[in-house]
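Let's walk through this structure together, starting with a pair of charged side chains and ending with a pair of helices. Keep the viewer open as you read.

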Amino acid sequence: RIPLEREFHRPDGRDVTVQMQLFSIRTEKGRMTGCISRDITERIKAEIELRKQLMRYDLKKGIQYLVKERTPNLAVDAFRDIVKVGHEGILISRSPGGFYKKINKELVQIFWLSESDVENSISPDLNEIISFLGGCKTGTALLFDRFDYLISKNQYEKILIFIQDLNELAYTKGLIVILSLDPSILTSKQLRLIEKECREVEPRLMTKLTEGILE
């Protein structure tokens, strides 16, 4: 069977990651089941460190980011960067189909923002989106392309509450959220309130990988 990985908090205060392999064998007395467990904490730490050093942008779990641009070039580049190093990806978009050529569809679930009941679509209803994202796994990367479409379908006050709720969800679920937004559609005051709930996407300094990390 596929091994399971679980995180545990030890009595001494240390957090460990354990890999558990269930097995079942036949004996003279019948079928016996059991579990083989091993501590893979150091391996996981090494994988995380490797991922960090391969990433070109400083993006962390539990954080919501805002990219202010007319077309989602930087947002898509940062999103691809996260997915490339192993994070599951969800793209919610209103951009034309050609836009998706930049995205590895095998690694990303793509949803079309639409009020119509079409395949792989998601309603612009803000409560439905929050409910849907509440089921995401820890570490999932989420890109909201064409956030202006949501703004056009909802009042600004509701959008601000949605962004606040999304920020809370990112923190509690360990998500990486990227919002791509054309700043020209908002007033400076409206934009500042949104910026308070987000961080900017910044490039990170690349460091040379050590032999230990490569191993």
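Predicted model: local features only at pLDDT ≥ 70, side-chain atom pairs only at ≥ 80, totals over all residues.

A residue counts as buried when its relative accessible area is under 20%, as exposed when it is over 50%, and as partly exposed in between.

Which side chain does Asp 182 meet in a salt bridge? The partner is Arg 70, with an N to O distance of 3.7 Å. Arg 70 has a relative accessibility of 64% and therefore counts as exposed.

Another joins Lys 60 to Asp 58 at 2.7 Å, N to O. Here Lys 60 is partly exposed at 43%, and Asp 58 is partly exposed at 34%. Arg 146 and Asp 148 also pair, at 3.1 Å, and there is a network of salt bridges linking Arg 56, Asp 77, Asp 81 and Lys 84.

Now for the helices. The axes of H3 (residues 126–133) and H5 (residues 156–173) come within 10 Å and cross at roughly 5 degrees. Angles under 35 degrees count as roughly parallel, so H3 is roughly parallel to H5. On the H3 side, the contact is made by Leu 126, Ile 129, Ile 130 and Leu 133; H5 contributes residues including Phe 162 and Leu 166. The contact residues comprise eight nonpolar, two charged and no polar ones.

Key. Residues numbered from 1 in each chain as written. Heavy atoms only, no water. Axes fitted to C-alpha atoms, helices over the stretch in contact; angles between N-to-C directions. Helix = DSSP H or I, 4+ residues; strand = E, 2+ residues; numbered from the N terminus. Parallel < 35°, antiparallel > 145°, perpendicular 65-115°, else oblique. Contact = heavy atoms within 4.5 Å. Nonpolar A, V, L, I, M, F, W, Y, C, P; charged D, E, K, R; others polar. Salt bridge = Lys/Arg side-chain N within 4 Å of Asp/Glu carboxyl O. Buried < 20%, exposed > 50% of the residue type's maximum accessible area, 1.4 Å probe, protein only.
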